[in-house]
Amino acid sequence: MLFYLQATLQLCNVCNRPVKERVLKAIGKAFHPGCFACTICHKGLEGIPFTVDASGQVYCIDDFHKRYAPKCGICSQPITPEKGSTETIRIVSMDKSFHPECYKCEDCGTSLAKKGDQDGDKCYPLDDHLLCRRCNTARIRSLTKANSINFDFSLRSRTTVT
């Protein structure tokens, strides 16, 4: 009879030992409650939200976001939901993702994440740099001035008087 009982017990998907007491069923498999844990931090996931990646690895929500969330183009940290929220807020610009608090003019620090109607609140990228309108205009003017000086200089240096 003992053999029959052993044969009907489910094996834990992690430790491969028979589950003799409480069986935790998740992702279509059987686990000991203590064996069902996050792949990264090994925190037990019984009764708390979890997710599974494409290869079947199980993660707590925090570690899943840290591993798979897009990284901010400024601070390189993962863009994850705020504590107590399930919604991720990110800004996508110039084929990069940004935290709203990181999305600001590189020259003057003005936030570009505001939902304002003023042109200064919008992003005017230049050469892969985040700029407000005022700083974009200033950079273009300085580049134009520098190029015209270089251009004039290069013309004079090639001109010979005979």
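This is a predicted model: local features need pLDDT of at least 70, side-chain atom pairs count only at pLDDT 80 or more; totals for chains, interfaces and linings use all residues.
Local features were considered at pLDDT of at least 70 and side-chain atom pairs at pLDDT 80 or more, while totals for chains, interfaces and linings use all residues. Residues are numbered from 1 along each chain as its sequence is written, and side-chain values use heavy atoms, without hydrogens and water.

The protein contains three helices and six strands, taken as DSSP runs (helices: H or I, at least four residues; strands: E, at least two) and numbered from the N terminus. Their order from the N terminus is α-β-β-β-β-α-β-β-α. Of the 162 residues, 23% are buried, that is, under 20% relative accessible area with a 1.4 Å probe, protein chains only.

His99 lies in the loop between strand 6 (96–98) and helix 3 (133–158). His99 has a relative accessible area of 11% and is therefore classed as buried. The side chain of His99 reaches the backbone oxygen of Pro78 at 3.2 Å. Not counting residues up to four places away in sequence, His99 touches Cys72, Cys75, Gln77, Pro78 and Ile79, a contact being heavy atoms within 4.5 Å.

A nonpolar core is a set of buried Ala, Val, Leu, Ile, Met, Phe, Trp, Tyr and Cys residues joined through side-chain atoms within 4.5 Å. The largest has 13 residues, of which Phe98 and Tyr103 touch the most other members. Apart from this core lies another of eleven residues, including Val19, Phe31, Phe36 and Val58.

Notes
Buried means under 20% relative accessible area, exposed over 50%, partly exposed in between (1.4 Å probe, protein chains only). A polar contact is a pair of N or O atoms within 3.5 Å; within protein, one must be able to donate a hydrogen and the other to accept it, and residues adjacent in sequence count only if both atoms are side-chain atoms.
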